Amino acid sequence: MLIREFVDRDWSQVWPIIEEVIRAQETFPYDPAMTAEESYGMWVEAAPGRTVVAVDGERVLGTAKMGTNRPGPGAHVSTASFMVAADARGRGVGTALCRDALTWARRQGYAGMQFNAVAESNSSAVRLYRREGFEVVGTVPGAFRHPTLGRVGLHVMYQEF
């Protein structure tokens, strides 16, 4: 598996991953009716941010976006988001993307990385982030409407560099 910068020709494989994740409504607080065009504008980061893909040969297994969490006085903290194709989960793709984002953020001189909205029911992501050095610094109770579990909390997770 190789992680490389996103290029426009990747979108035909990235969009189905994003579409599947947002339509499932289990992990990301994105509008499930979002179109491919709207998703492109939301997912593909402009510089100084970055969007990458994890590939096996020509196949995109997952994608990540990263950048500044908030402007102005919050610009010293980075953020990132990750999505992995359903049939590629459990193979280390998310871990590799997370490590790539952390390496990038450190090289950019950020003071840390913050995840603003990790559904507490997304136990595999929470375990991955904890394993990579993040901690839950707060949880907003009932802030995420899961399709089968009902309202669950959204974790704010942070790692200081």
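Predicted model: local features only at pLDDT ≥ 70, side-chain atom pairs only at ≥ 80, totals over all residues.
## Surface and charge

The side chains of the protein chain include 17 positive and 18 negative ones. The centres of these two sets are 5 Å apart.

## Overall build

The C-alpha trace of the protein chain spans about 40 × 40 × 30 Å along its principal axes. Its radius of gyration is 15 Å, which agrees with the value near 15 Å for a compact globule because the chain has 161 residues. Of those 161 residues, 46% count as buried.

Counting contacts in the protein chain with a separation of 6 or more, 60% come from residues 24 or more positions apart.

## Helices and strands

You can find 4 helices and 7 strands in the protein chain. Read from the N terminus on, their order is β-α-α-β-β-β-α-β-α-β-β.

## A closer look at helix 2

Helix 2 covers residues 36-43, and its buried residues are Ala36, Ser39, Met42 and Trp43. These four lie on the same side of helix 2, because they cover an arc of only 125 degrees around the axis. Glu37 and Gly41, on the other side of helix 2, are exposed.

What do the buried residues of helix 2 pack against? Their partners are helix 1 (11-24) along with strand 2 (50-56), strand 3 (59-68) and strand 4 (77-84).

Key
Residues numbered from 1 in each chain as written. Heavy atoms only, no water. Helix = DSSP H or I, 4+ residues; strand = E, 2+ residues; numbered from the N terminus. Rg over C-alpha atoms; globule rule 2.2 N^0.38 Å. Buried < 20%, exposed > 50% of the residue type's maximum accessible area, 1.4 Å probe, protein only. Contact = heavy atoms within 4.5 Å. Lys, Arg positive; Asp, Glu negative; His and termini not counted. Charge placed at Lys NZ, Arg CZ, Asp CG, Glu CD. Arc of directions from axis to C-beta.
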